[in-house]
Amino acid sequence: MDITPHLTFDGTCEEAFTFYAATFGGTLQTLLRYRQMPIAGNVPEGFADKIAHATLRVGAAMLMGNDVRPGDYARPQGCAIALGMSDPAAAKRMFDALADGGVITLPLAETFWALAFGAVVDRFGVTWEINCERPARRRVPVRGRTQTPARTGRRRSV
């Protein structure tokens, strides 16, 4: 199963997806306009060139979106799209790009779990969380020590 975020916009889907493609290094796979849909004759005046369906591929991830009819748009609430990053410098660049024209809700900073974590609402109204977790510590087995399994109480060498 894949879980794919689907974003809605108030007429700015094409601008947002063009920005996201450039920012994330992704590929716009679909920009289907309402005029290309079977319902083209039933869309509001001036809405035919708005986006009915957009897809953006970034590596193995997919992001979808569309413009909603005038008056039907509601700003997203109660959710964020989290971007997992491994390089703090790249996380800073991504955070700064998304913050340009947006609102920083949590400045990018080191935390107890991450080298860098921050949140921003971009200029299109989408909330992003940038998370650059600390590298996992590798557990190295110690040879020659005797351990006692918890269930049996028997001793065994590792």
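## Strands, a salt bridge and a pocket

Colleague: Which side chain meets that of R33 in a salt bridge, 2.9 Å from N to O?

Modeller: Bear in mind that this is a predicted model: local features need pLDDT of at least 70, side-chain atom pairs count only at pLDDT 80 or more, and totals for chains, interfaces and linings use all residues. Residues are numbered from 1 along each chain as its sequence is written, and side-chain values use heavy atoms, with hydrogens and water left out. A salt bridge here is a side-chain nitrogen of Lys or Arg within 4 Å of a carboxyl oxygen of Asp or Glu. At 2.9 Å, N to O, the partner of R33 is E14.

Colleague: How many residues apart in sequence are the parts that this pair ties together?

Modeller: Elements are DSSP runs numbered from the N terminus, with helices (H or I) of at least four residues and strands (E) of at least two. R33 sits in strand β2 and E14 in helix α1, so the parts they tie together are separated in sequence by 19 residues.

Colleague: How many salt bridges does a search of the whole structure find?

Modeller: R33 with E14 is a salt bridge. Searching the whole structure gives a total of four.

Colleague: At about what angle does α1 run to β3?

Modeller: Helix α1, residues 13–24, lies across β1, β2, β3 and β4. Contact means heavy atoms within 4.5 Å, while axes are lines fitted to C-alpha atoms (for helices over the stretch in contact) and angles run from 0 to 180 degrees between N-to-C directions. On that scale, α1 to β3 comes out at about 5°.

Colleague: What is the strand order in the open sheet with β1 and β2 at its edges?

Modeller: Two strands pair if DSSP finds at least two bridges between them. The edge strands β1 (6–9) and β2 (27–33) each pair on one side only, and the twist averages 15° from one strand to the next. Pairing is mixed in this four-strand sheet, and the order is β1-β4-β3-β2.

Colleague: Which residue in β4 is the bridge partner of L56?

Modeller: β3 and β4 make a hairpin with two residues between them, and G59 in that turn has a positive phi of about 60°. The two strands are antiparallel over five bridges. In β4, L56 is partnered by L63.

Colleague: And which residue in β4 is the bridge partner of T8?

Modeller: β1 and β4 run parallel, joined by four bridges. The β4 partner of T8 is N66.

Colleague: Which residue in the hairpin of β7 and β8 takes a positive phi near 90°?

Modeller: β7 and β8 pair in the antiparallel sense over seven bridges, with V120 opposite W128 and F117 partnered by N131. Five residues lie between these strands, and the one with a positive phi near 90° is G125.

Colleague: Which residue in β8 stands opposite A82?

Modeller: β5 pairs in the parallel sense with β8 (residues 127–133), over five bridges. Opposite A82 stands E129.

Colleague: About how much space lies in the largest pocket?

Modeller: A pocket is found on a 1 Å grid over the protein atoms alone, as an open set of points where a 1.4 Å probe fits, with protein on both sides within 12 Å along at least five of seven lines; lining residues have an atom within 4 Å of a point. Points are joined across faces, edges and corners, and the volume is the space filled by probe spheres set on them. Among the 18 lining residues, those closest to the centre are P5, V58, A61, M62 and L63. The space comes to about 330 Å³.

Colleague: Which element gives the largest share of that lining?

Modeller: Ala, Val, Leu, Ile, Met, Phe, Trp, Tyr, Cys and Pro count as nonpolar, Asp, Glu, Lys and Arg as charged, and the others, Gly among them, as polar. By that scheme the lining has 14 nonpolar, two polar and two charged residues. The elements giving two or more residues are β3 (51–58), β4 (61–67) and β5 (81–85). With four residues, the largest share belongs to β5.
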